[in-house]
Structures are given as C-alpha cells and as structure tokens.
Amino acid sequence: MPSLKDLKSRISSVKSTRKITKAMQMVAAAKLRRAQEAAEMARPYAERFNAVMGKLAASVGDNDEAPKLLRGTGSDEVQLLVVMTAERGLCGGFNGNIAKLARAEAQKLLAEGKTVKIITVGKKGRDVLKRDMGDHFIHHVDLTEVKNIGYADAQGIAREVLDRFDEGEFDVAKIFYSTFQNVVSQIPTMQQVIPFDIPETEDDAATADTLYDYEPDEAAILAQLLPRAVATAIFSGLLENGASEQGARMSAMDNATRNAGEMIEDLTIEYNRTRQAVITNELIEIISGAEAL
Amino acid sequence: MADTVQFDLVSPERLLSSVAAREVQIPSAEGDMTAMPDHAPLITTLRPGILKVTSDKGTDDYVVTGGFAEISPTGISVLAEQAIPCADITQDQYNAMVKEANDALSKAQEVFANEAGPVDEAAKLVSDMVAIGDEIGMSAR
C-alpha cells in the first residue's frame, strides 16, 4: 500500500499533467480554427484550377504530343511516395495513420517488384517510417521552422519533386496526407500527382461543351499549368494536413484531460481511504492502550 | 447585353476579390487585353503585370506575377500565382520579385548558355518586372 505522501505527490503530478493537456487542447482549438480558415480560403483556387485543368486535359487528349506530366512516362516501375506528416507528436493517431497507409502502399509496390522511393515531409512521418522503409528515403523536407504554411512552401516541395521527375528518377508520384473531415475524424488519403489525375469536374454538360479559345495554345498552357497543378495539389494536401493535425491533437488532448480527471478521482478516493485507515489504526491503538490499564 | 460580369481574383492562399466588374484589363502572355461582359470564352496565361478591374465602385489595381485567366461570357476568373493590391505593395516585396526574376535570368544564362529560348524568356520576365516598377512608381534597384 503506497504511503499517504506518495499518493499526495502522485495526485499533484497528475493534476499538473492535466493542466498541460488542457492548455494544449485549447491551443490546438485556436490553431485549428486558423488552419481551417486557411484551408477554406485556398479552396476556390484549387476548385477553379481543377476545372480549367479538366477542360484543357480533355481538349489535348491522350495523344503522344501531350506533356509527360499528363500522360506519364509509359511505365510505372519506379514510384515516388511523398509522405506528408506533422512536425510534432502528441496528436493521437494522426502521424501513425498516414505512415500506415504509406507503408501499406510501399509494401504492396515492393511485392509487385517495383522500386519505391520516399520523400518525407515532416519529422514524425520520417521517424515512424525510418525503421522498415529507411533504405528508400531519398529526401526529407523540414518544415519545423514554418509557422504558417504558405504557397511558397508547397512550391518548394513541388520543385523538388519536378526536378527529380525531369531527371527521370521516377515514373509515378503519389502524395500522402490526411483529409480533414471534422475534429474527430481525419482520413488518411493517397493522391496521385504525376501523371496528373484529371479530376472529375462537376460542371454540367453545357459549360463542358463551351469551346474555349486558348492563348497561346493548349499545349503551351498545359505545359505551364501542369507543374502548378503539382504545387497546388501539394499545397492543399499540406493545408488539409494542418487542419487535421490540430483536430487530431485537440481530440487527443481532450481525451488525455478526461483521463487525468478520472485518475485524480481514483487517487483521491484511495488517498482518503488510506488516511481513514491510518486514523482508525491510531484510535485502535489508543483505545486498546487505555483498556490495558 | 449585361453591363457587368462576375470577376474573381484568386491566389492559392485566398480569394482576393469578387466583384461585378464592368471591364477587366488582363496582362496576358501575348499582350494586355481588356475583357468586357459577354467576352468569347478564352483561357490565357498571364505574364507579370498590372491587372486593372473597373467596377461601379471604381478601379482596383493588382500586381500579379503570372498564373492564368479563364474568361467566359458570364464570368472572369483570374488565378494568379501571387497577387498584391497595388496600394499595398512595398518596396521590399517588389525588390524580392525583381531579385527572383534576375536570379532566374542568371540561372537560365548558366544552364542554357547555347539556347536562346529559355534565356529570352527569363530576360522578358525581368523586363516585365521593371515595367511593373515603372507603373507603380518604384525603381528596380
């Protein structure tokens, strides 16, 4: 049986842990709101961009003239996985879930005899994957210093990916991130960025049929837009990730706070019981001492 | 004929402006063009330049650094890589843009020493930047 003093110090230590988790939860809630706003503000661009890309890709079609970024290299032997995770832990299963999805994909590809290369964005994903996938790492992007994800960060990653593509280092690129659904659910997602996966446009047939003029011409515009499409996909992935991370952290910290509360209750009951036992013991000693006289 | 057209200016980070415009002057890759309501459908790329939007409330100017524009009879969307209202732009921001263009030029000169195409393109970018500077009253140095 632990002594009274031990119990007391345990209670106070759990109490301070609860204060920390409570504070982290509140910080995450505030950051979540900002991250969500950022994700929402970026949405119009991505939507319009994808709509235009859809139109362009449809009009250029599948011919051999199409840029490599659109139609691929004709092989899928070497696959690049860009795994985007958080820089910090303590956010529940967030990093683990993304890493799990990426690992499953990598193992599937390896089983098919393909070559896998991995670029990690965010320290936590690298740590999780290092043990069994460490040999496949080719690059790591550090965003520790970045407070608010900007388009420039996404562009940096995109340039890294595109340079490697131009040098023929891989055939297919996929990005991994977590889609933000709500505070309690974030869905790990895999998205193919090279060759560009033409998004389903929700435009009705009337607009799809409109004949557009292109200036300069379709191919030139497409050649300019495709690298940007990669950057845009990465950017929206990063923003979704940002919101997901804070959401996951918020619910993880909420749980932790609640658990700490329960623990304090249990410990307090035990403390009181022990104290009572000590008092009863002393009384018995006094009474039996008095009776012996 | 409608006298206004829905105009949206979006950058990757946010929606900058969404107004009913009477005319929009767009710095397209092959020269400035002015789009008015009921314009024929057109998709064009942008060069760095000044975007002028005229609405009932007056004229708004933005510095854009490339991207593309989608014009249809009922709506004009400009998707800019970077867009800053002319009134808000600072000398520092402008210097950074000019520096980036100059870096691209020197890199192009290094990498494509024997090909005219990319070097010319980069040189054009620099001159576009300088032209922006003249427009908004800032020097390139």
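In the predicted model, the cover over the buried residues of helix 5 of chain A includes strand 1 (78-84), strand 2 (115-121), strand 3 (137-141), strand 4 (172-180), strand 5 (186-194) and helix 7 (218-292) of chain A. Helices (H or I, at least four residues) and strands (E, at least two) are DSSP runs, numbered from the N terminus. Contact requires C-beta atoms, placed from the backbone, within 7 Å. Residues are numbered from 1 along each chain as its sequence is written, and chains are lettered from A and ligands numbered from 1 in the order in which they are written. As the model is predicted, local features need pLDDT of at least 70 and side-chain atom pairs count only at pLDDT 80 or more, while totals for chains, interfaces and linings use all residues.

Helix 5 of chain A spans residues 151-166. Its 16 residues reach 22 Å from the first C-alpha to the last, close to the 22 Å expected at 1.5 Å a residue. The expected span is 1.5 Å times one less than the number of residues. The buried residues of helix 5 are A:Tyr151, A:Ala154, A:Gln155, A:Ile157, A:Ala158, A:Val161 and A:Phe165. They fall within an arc of 165° seen down the helix axis, so they line one face of helix 5. The arc is that of the directions from the helix axis to the C-beta atoms. A:Gly168 follows helix 5 of chain A, with a positive phi near 75°.

The contact between the chains takes 21 residues from chain A and 20 residues from chain B. On the chain A side, helix 1 (4-60), strand 6 (213-215) and helix 7 each give two or more residues. Helix 1 of chain A gives the most, with seven residues. Strand 6 of chain A pairs with strand 4 (residues 42-55) of chain B in the parallel sense, over three bridges. Pairing requires at least two DSSP bridges between the strands. A:Asp213 has B:Leu42 as its bridge partner in strand 4 of chain B.

Chain B has two helices and seven strands. From the N terminus on, its elements run β-β-β-β-β-β-β-α-α. Along the principal axes, the C-alpha atoms of chain B fill a box of roughly 50 × 30 × 25 Å. Buried residues make up 32% of the 141 residues in chain B.

Definitions and conventions
A residue is buried if 20 or more other C-beta atoms lie within 10 Å of its own, exposed if 12 or fewer, and partly exposed in between; C-beta atoms are placed from the backbone. Two residues are in contact if their C-beta atoms, placed from the backbone, lie within 7 Å.
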